[in-house]
2 protein chains.
Amino acid sequence: MEKIANIKAIEFQELADVNKLEKVSFILKTIAHPLRIGIIGLLVENGKMCVNDICEKLKSEQSLTSHHLSNMKLAGILGSERNGKNIYYYLKLTEVVEVIQCMNNCHLL
Amino acid sequence: MEKIANIKAIEFQELADVNKLEKVSFILKTIAHPLRIGIIGLLVENGKMCVNDICEKLKSEQSLTSHHLSNMKLAGILGSERNGKNIYYYLKLTEVVEVIQCMNNCHLL
DNA sequence: GTTTCATTTGAACATATGTTCATATATTTG
DNA sequence: CAAATATATGAACATATGTTCAAATGAAAC
C-alpha cells in the first residue's frame with residue numbers, strides 16, 4: 001500500500017468515523033449558503049434575534065429570510081420562541097459551533 | 001453576552017476561519033452522497049482504481065458511476081489517467097483526507 | 001479494419017433546492 | 001374590533017443535482 005495525502009492508506013472504515021462525517025456533512029450541507037452563514041454568524045454573536053433584525057442586518061428580504069430560518073429550524077439547527085409580536089431565533093444544534101471550532105483548530109487545513 | 005454551545009459568543013469572524021469553512025463546506029458538499037463516499041473510500045484504500053473495478057466493488061451502474069467520477073474530477077477532488085483500455089481514478093485533493101482526519105481527531109463531536 | 005472492451009457523453013427526465021410574490025396569520029395598539 | 005406590525009405560508013417559478021438510457025469515443029485484439 002502506498003501513501004496517500006501524507007497518511008498511510010489504512011482501511012477507510014478505520015480512518016473515517018462515518019457517524020461524525022455524516023453529522024458534519026449534514027450540518028455543513030445545511031448551512032452552506034451565504035445567507036444562512038450570515039444568519040448563523042448573527043446568532044452566534046447575539047444569542048437570539050428576531051426576523052426583522054436579521055433582515056435589517058443582512059439586508060435580506062423578509063420572506064426569503066423566513067424561509068431559510070424555517071428550513072434550518074426544520075433541520076434542527078435553529079430553534080425559535082415568540083415574544084409578543086416578535087419571533088426570536090437561536091442556535092439550537094450546538095454541534096454547529098463545534099464544527100466551526102473544530103475546523104479552526106484543525107492544523108491540517 | 002451569554003454562552004452559546006459551551007463557548008463564549010465571541011465575534012463570529014474571529015470564531016470562524018471563513019476560508020477553511022468554505023473549503024470544508026465545498027469538499028463535504030461535493031462528496032456528501034453515498035456513492036461518492038463509497039468511491040472516496042475505495043480510492044483511499046487502493047490508491048488508484050479503474051471505473052469498472054469501482055462499479056463492481058460498489059455494485060453501481062457504470063454510467064452513473066462515471067458521471068459521479070467526472071463531477072468529482074471537475075470539482076478538483078479526483079484526478080484520472082488512462083492506461084491502455086482503462087482509466088484510473090485517484091484522490092487528487094489531499095484536503096479530502098485531511099478533512100476526514102480532522103473530523104476524527106476532533107474531540108468536540 | 002472490424003470487433004470487442006472500457007469508458008464518456010448527452011439528452012431526457014426526476015427530484016431537490018432557492019427565490020419571488022401575494023396572501024394569510026398572530027399579536028399588539030388605538 | 002379595526003389598523004398596524006411581525007412573521008409565516010403556499011403557489012409559481014428558476015436553478016441545481018441526481019438518474020437513466022442510448023449512442024459515441026478510444027484503445028486493444030484479432
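Hi everyone, let me begin at the DNA: by class, the surface near DNA strand D has six nonpolar, 13 polar and four charged residues. Here "near" means that a residue's C-beta atom, placed from the backbone, lies within 6 Å of the strand. Ala, Val, Leu, Ile, Met, Phe, Trp, Tyr, Cys and Pro count as nonpolar, Asp, Glu, Lys and Arg as charged, and the others, Gly among them, as polar.

A word on the model: it is predicted, so local features need pLDDT of at least 70 and side-chain atom pairs count only at pLDDT 80 or more, while totals for chains, interfaces and linings use all residues. Residues are numbered from 1 along each chain as its sequence is written, with chains lettered from A and ligands numbered from 1 in the order in which they are written.

So, who surrounds DNA strand D? There are 23 residues around DNA strand D, and the closest are A:Cys50, A:Asn52, A:Ser66, B:Ser63 and B:Gly84. Two or more residues each come from helix H4 (51–58), helix H5 (62–74) and strand S5 (86–91) of chain A, and from helix H5 (62–74) of chain B. H5(A) gives the most, with six residues. Helices (H or I, at least four residues) and strands (E, at least two) are DSSP runs, numbered from the N terminus.

Now follow S5(A) into its sheet. This is an open sheet of three strands in chain A, ordered S3-S5-S4, with antiparallel pairing; strands pair if DSSP finds at least two bridges between them. S3 and S4 of chain A are at the edges with a single partner strand each, so one side of each has no neighbour in the sheet.

On one side, S3(A) (residues 48–50) pairs with S5(A) over three bridges, and A:Lys48 has A:Tyr90 as its bridge partner. On the other, six bridges join S4(A) (residues 78–83) to S5(A). S4(A) and S5(A) form a hairpin with two residues between them, and A:Gly84 in the turn has a positive phi of about 65°.

Finally, helix H3 (residues 34–46) of chain A lies across S3 and S5 of chain A, at about 90° to S5(A). That angle is between N-to-C directions, on a scale from 0 to 180 degrees, with axes fitted to C-alpha atoms, for helices over the stretch in contact; contact means C-beta atoms, placed from the backbone, within 7 Å.

Note on methods:
Two residues are in contact if their C-beta atoms, placed from the backbone, lie within 7 Å.
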